[in-house]
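Please keep the 3D view open as you go.

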Amino acid sequence: MVGVPIIWVLGGPGCGKGTQCAKIVEKYGFVHLSSGDLLREEVASGSPKGQELAAIMKEGKLVSNDDVLGLLEKAIRERLNGAKGFLIDGYPREKDQGVAFEKKIAPADLVLFFDCADATLVSRVMARAAASTEKRADDNEETIKTRIATFRSNTNAILSQYTDKTLTINAERGVDEIFNDVTCALDCLIQKKATVVASA
């Protein structure tokens with residue numbers, strides 16, 4: 001039993017979910033865990049597992065769920081003491097991953113889906129790559145389009161499985177306008193969660 005809100009944050013590459021997660025951390029003090037960051041940290045470590053993951057990511061393919069779930073479980077366990085909530089960024093990426101997460105770790109309380117047109121995602125990621133001094137192996141147009149196609153095919157199945165927990169947010173708008181919607185959802189969730197925990 002985690003006892004604090006767990007929120008899955010979904011959206012295609014370049015949808016702005018990283019920015020929104022940073023604002024949530026600042027306002028609510030949640031722990032932000034990005035499956036992508038956890039994977040990149042493992043790759044940067046130079047471990048045999050990191051080298052194996054690097055090859056998969058460079059091709060724009062998805063890393064196995066066992067690997068990602070193991071990294072997430074370890075990160076949550078290490079940060080559980082004093083945590084006000086967890087933002088699980090970029091996970092689940094497949095329907096079965098959601099089931100595995102809820103079975104192994106805890107049920108999600110809310111799914112935030114930041115929705116953007118494919119063309120917007122491509123242009124944002126390409127602009128980010130051009131401006132960045134740190135070149136990521138998966139930031140080229142062909143790989144980005146593969147990632148978006150993979151993301152789309154899997155996300156519909158995930159969202160249909162969690163319709164009662166999902167809030168779809170139009171991410172084509174400005175950062176503050178989007179965050180107003182996020183704040184409304186989180187304020188409601190935190191109040192509801194506190195009531196449930198208190199009555200347990």
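The points below go through the helices of this predicted model one at a time, then take a pair.

1. Start with H1, which runs over residues 17-28. This helix has 12 residues. From first C-alpha to last it reaches 16 Å, close to the 16 Å expected at 1.5 Å a residue.

2. Which residues of H1 are buried? They are Lys17, Gln20, Cys21, Ile24 and Tyr28. These residues lie on the same side of H1, because they cover an arc of only 100° around the axis. An α-helix has 3.6 residues a turn, so residues three or four places apart point the same way.

3. Look at what follows H1. Gly29 comes next, and its phi is positive, near 75°.

4. Now take H3, residues 48-58. Gly50, Leu53 and Met57 are buried in H3. Their arc around the axis is only 65°, which puts them on the same side of H3. Turn to the other side of H3 and you find Pro48, Gln51 and Lys58, which are exposed.

5. What do the buried residues of H3 pack against? Their partners are helix H2 (35-44) and helix H4 (65-79). Just after H3, Gly60 has a positive phi of about 75°.

6. H2 and H4 also deserve a look as a pair. Two packed helices are described by the angle between their axes and the distance between the axes. For H2 and H4, the axes come within 10 Å and cross at roughly 100°. Angles of 65 to 115 degrees count as roughly perpendicular, and H2 and H4 are therefore roughly perpendicular to each other.

7. Where do H2 and H4 meet? On the H2 side, the residues are Ser35, Leu38, Leu39 and Glu42. On the H4 side, they are Val68, Leu71, Leu72 and Ala75.

8. Move on to H7, residues 141-161. This helix has 21 residues and reaches 30 Å from its first C-alpha to its last, close to the 30 Å expected at 1.5 Å a residue. H7 also has a kink of about 25°, centred on Thr155.

9. Thr155 is one of the buried residues of H7. The buried residues of H7 pack against helices H3 (48-58), H5 (95-104) and H6 (118-131). They also pack against strands E1 (6-11), E4 (110-115) and E5 (166-170).

Terms used: Residues numbered from 1 in each chain as written. Predicted model: local features only at pLDDT ≥ 70, side-chain atom pairs only at ≥ 80, totals over all residues. Heavy atoms only, no water. Helix = DSSP H or I, 4+ residues; strand = E, 2+ residues; numbered from the N terminus. Expected span 1.5 Å × (residues − 1). Bend = angle between axes of the 7 residues up to and from the residue. Buried < 20%, exposed > 50% of the residue type's maximum accessible area, 1.4 Å probe, protein only. Contact = heavy atoms within 4.5 Å. Arc of directions from axis to C-beta. Axes fitted to C-alpha atoms, helices over the stretch in contact; angles between N-to-C directions. Parallel < 35°, antiparallel > 145°, perpendicular 65-115°, else oblique.
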